[in-house]
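Open the model in your viewer and keep the sequence panel beside it. The tour moves from one selection to the next and says what is found at each stop.

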Amino acid sequence: MRKEIKKFWKNGFAKEMAIVIALIFLGSMGLNNTFSKDLTGNDTENGKNNYPSTDVNNEKDFALGEIIIKFKQDTPLYPSNYNGGVKITGMKEIDKINEKYGVISYEPLFDKSKANFSNIYKVVLPNSTNIFPVIKDFKKLSCIEYAEPNYIYHTCVVPNDPDFDLQWPLNQSSDHDIDAPEAWDIETGNESIVIAIIDTGVDWDHPDLSANIWNNTDEAIDGNDTDGNGYVDDIRGWDFVNNDNNPMDDNGHGTHCAGIAGAVTNNSIGIAGVCWNCAIMLVKGLNSEGIGYEDDLANAIIYAADNGADIISMSWGSYTDSNLIRDAIDYAYNKGVILVAAAGNDNITAKHYPAAYDRVIAVSATDNSDAKASFSNWGSWIDVAAPGVNIYSTYLNDTYTNLSGTSMSCPFVAGLAGLILSKTNFSQEEVRTILRSTCDNITSNQYIGIGRINAYKAIIRNSTPIADLNSSLDDAIVRGIINITGIANGSTFMNYTVYYGEGVYPSNWTEISNSTLQVNNSVLASWDTTLLKDGIYTIKLFVHDNVGQISEDRAVLTIDNVYLTYPLDNDIFRAGDVLEIKGNVQGSTFQNYTVEWGFGENPTEWFTTGVNLTNNGQSQIINGTLATWNTSSIAEANFTTIRLIANFTDFQIVEYIRNIYLDPTIMKGWPKYIRGTPYTWIGIISPVIADLNGDNSKELVVTTQGNPQKNSTLLIFNKNGQIIANVSLDSSINPRSFPSIADLDNDQNKEIVVAVITPSHPTQPKILVFDHFGNLTKEIPLSYSLSDDLYGSIVLEDIDNDGSLEFIYGGWENDGTRLVVLYNNGSMFLGFPVMLENT
C-alpha cells in the first residue's frame, strides 16, 4: 500500500493507526494485557514504549543528563540558588520540576547581549536521568518556547585508501573536476573574505595553512577581552569544546576541511586551496572524536557570525531538526552569512541538518567520474554536489592525507563561495543561485543536486537573477492541479520559464509556463499533473536575464493520481463479507479501470469473481469507492492481493494492496476496524472481555485515546460485533490503562473501570467508573499520583476481605517504579505506595 496511507514512528508511536479486532472464538479470549507488541514489532510493557531515538541508526544521539530549554521572552528567571543540591529559580512551576528530577544547574548558553539567545539555557541533571519525561514536563509550561535534548552532531567523513592522483578535484585530464585553474586566472581570493571552519579545530600552525589563518586584529593577548566580544584573547577564533582561545585540531577532520577551502597556494609547498587568499576563521565545536553538542555548535555559529565570517562551512550534521541549531542558523543568515553544510554519508534521502535548512546550501558528494559517491545522501533538498572521494588535503602535525565524505565536499563549495565574494559582492541568495546555475552534469539515479560545481563558470558571472523553487516542492507527493511557487527576479531579470521532465535528471523537458513578470515567493505556474502517468518528475525553473545568463533551480517530486486507500496492507476480514475497495483514479486521458484479486503476496493468476466496479469502471473516482468485493468465494483462510489497473490513452498504471487475510471462521460481524488517532499509544487499545450484564453472553470493551481533534472513546460491543455503547469522553482526558471489569456494588452487573489523565496535568490522574450500559457513574480523583503517566490496567481486588474492592496500579516515578493501592474512595491503603527497585 502507499507509504502516505499508513505511517509509523520508531518505537511505537503511530502517526495513523488501525487496530483490527478479529474474533474467532469470542469466549476463549483471555485478559492478559500486561505485555503487548506495538505495530513495529517492538515489545511495549504495559503500553509504555521507550522514547524514540534521535538518529537514523536508532542509537542515542544526545548528551546524557542535559536538556536545552528556551524561555519565552520576558520570563523572569534567576537560577542562582540551591536547596539541598537542587536548583531554585523562584518560579514555582519551574522549581517543582527542579525538585522532582533533581536539576543540578541552569547554564546560560549565550551572552546576555544576544537578545534573541539570552533566554536559552542548558539544564543539567544527573546522567542517569531519563530526560524525556523532564522535557515533557517543561513543554507543558506556558513560559517555555521549546525544550529538547542536547543533540549530538557528527563529522561526515568516510576513510579510504589514497590511490589516486593528488587533488584530482581541482584539475583532472578527464575533466570531472571543478575547473579551478581556469577560475584562478580570474580570481584567487581576497584576504578580507572570511571563511569560518566550524569543526574539530584546525592545525593553525600547519605550514600550508598558517599564513591564511584569520587574525582578530581587535584583540590582544593580555588576559582581557580587549575587543569586548565576550571572549578573552580570541586572536584566531575560539574552542567551544574546551572553552578556551586555542582552537587547535585534535582529530584531523577540521584541518583537512580547512585545507580544501583555503590552503595557502602558490607557495611551493603542499597543496592548493580553492580560495588561495581567503582568511580561515577557526571555530572548534567538535571534540577529538568528531562529536559535537548542539549548545557548543550553536555558540560556534553565533561566534562566527558576530566576528565577521562571510561564509560558514559545516562538515557535520544530524538527522534531528534542532530548534537551537535552527535559531543559530537563522541568526547567522540574518547577519548576511553564507551557510554551507554537508548532506551526510548514509546513502539515504532523509534530511540531514543543518544542511537541510532552507537557509543553508546543502552539498552532496561525487567521485572522480562525476558519479554519485556511494555513501552520499540524496534528495531534492540538496542544492549542489562537489568532489568527495579520495580528497587529498592538510592534516595533523604538518602532514597531508586522503579522506572521503560529504565533509570534504562541503569546503569545496565554501571555498568557491569565497572566490565568488572576492570578485563581486553578491547576496547570499545570489551566491546560491550562481552555484546551482553553473554546475556540470553528473551521473546518478538519485538526485544529489543540480550538478557538480564548476568554479570557472561561477566566477565569470558579474550579475545574476534569482531562481528559487519553494522547498515545499522537494520530494513532495502531488495530485491533480498544483501551484508551482518560488522566486524569479533580479535587477537584470528578463523572463522565466518553468519545465518538467520525467525522472531525476531528465534528458527531455516540456514547458509548463513562461512569463516576463518577476515573481517573489508566489505562484510561478499551475501544473495539471493528471495529464501524466504517475511517477517521479523534476521541475526546472529557468530565469533569463538581459545579458544572456540563465539562472536555474530544480525540485524532484512524485505524481500520484492513481492509488488505493482501503483496505490496507495486512488487513484482516471475514471471508464472506462484502468489502469496499476505495481509492483514487483520475487523469485527463482516463479511459477505464478494473479491480482484480489473487491469492498470495504475488499472485500468478487474477480473478474478478465477486468484484462489482463503480459505474463499471468507466468513470474517474476521486477518493471514493472504486468497487465492492463479495468475498464469499474464499472457502479457506488465505492471504490475498488486490490489484487496481487504470487505463489511460497512452499509458497504464497498476497499484496493489497486499497480504489481505480472509478467514471464513471469523465470527459474523467481526472484525471491527477501529481507526486510531495521531500519537496513539499502541498498548492502550486492547480489548477486555466479560459478561457485563449477567445474560451469559460476553461483551467486549475497548478504549481509544483522543487528540485535540477527536475525543477519547469507550466502546462496548456484543458478541455479534454490534455496538452497545460508544461513549465520547471529555476531550481533555485520555485513558492511560486497559479497562478493568468487576462488580463494584454487588448488583450482579459489572462496572467498567478506566484510569485517565488530563494531558495538561498528567500528574493528576483519576479513575472513571461506568455501568454496563456505558454510563459514567463515578469519578475518583487519586489522592496519590505518580510523577509520570501511570501504566497498565487497574487491578480490582478485595485484599483486606472487607467486601469492597481496592484499586491497585503502578507507574514510573523519576527514581523508579512504584506500586499503589487505594481504597475505592481514593484514599491510600495502609503501607502503600511501595517502591519497586530495579524494575
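Select residues 294-306, which form helix H5; helices (H or I, at least four residues) and strands (E, at least two) are DSSP runs, numbered from the N terminus. The end C-alpha atoms of H5 are 18 Å apart, which agrees with the 18 Å that its 13 residues should span at 1.5 Å a residue, the expected span being 1.5 Å times one less than the number of residues. This is a predicted model, in which local features need pLDDT of at least 70 and side-chain atom pairs count only at pLDDT 80 or more, while totals for chains, interfaces and linings use all residues. Residues are numbered from 1 along each chain as its sequence is written, and side-chain values use heavy atoms, with hydrogens and water left out.

Colour H5 by accessibility. Of its 13 residues, 12 are buried, where buried means under 20% relative accessible area, exposed over 50%, and partly exposed in between (1.4 Å probe, protein chains only). Among them are Glu 294, Asp 295 and Asp 296, as well as Leu 297 and Tyr 303. Gly 308, which follows H5, has a positive phi, near 100 degrees.

Next, show Ile 69, Phe 138 and Ile 312. Within the largest nonpolar core, of 72 residues, these three touch the most other members. Such a core is a set of buried Ala, Val, Leu, Ile, Met, Phe, Trp, Tyr and Cys residues joined through side-chain atoms within 4.5 Å. H5 supplies the largest share of this core, eight residues. At least three core residues come from each of domain 1 (62-151) and domain 2 (179-460), with bounds from an automatic or database domain assignment.

Now turn to the charged side chains. Which residue forms a salt bridge with Arg 436? Asp 468 does, with the closest N and O atoms 2.9 Å apart; a salt bridge is a side-chain nitrogen of Lys or Arg within 4 Å of a carboxyl oxygen of Asp or Glu. Arg 436 is in helix H8 (residues 428-437) and Asp 468 in strand E22, so the pair ties together parts 32 residues apart in sequence. Arg 436 is buried, at 4% relative accessibility.

Move to Arg 554 and Glu 552, whose side chains meet in a salt bridge (2.5 Å, N to O). Arg 554 is buried at 12%, and Glu 552 is buried at 10% relative accessibility.

Finish at Asp 321 and Arg 326, a salt bridge with closest N and O atoms 2.7 Å apart. Asp 321 is partly exposed at 35% relative accessibility, and Arg 326 is partly exposed at 33%.
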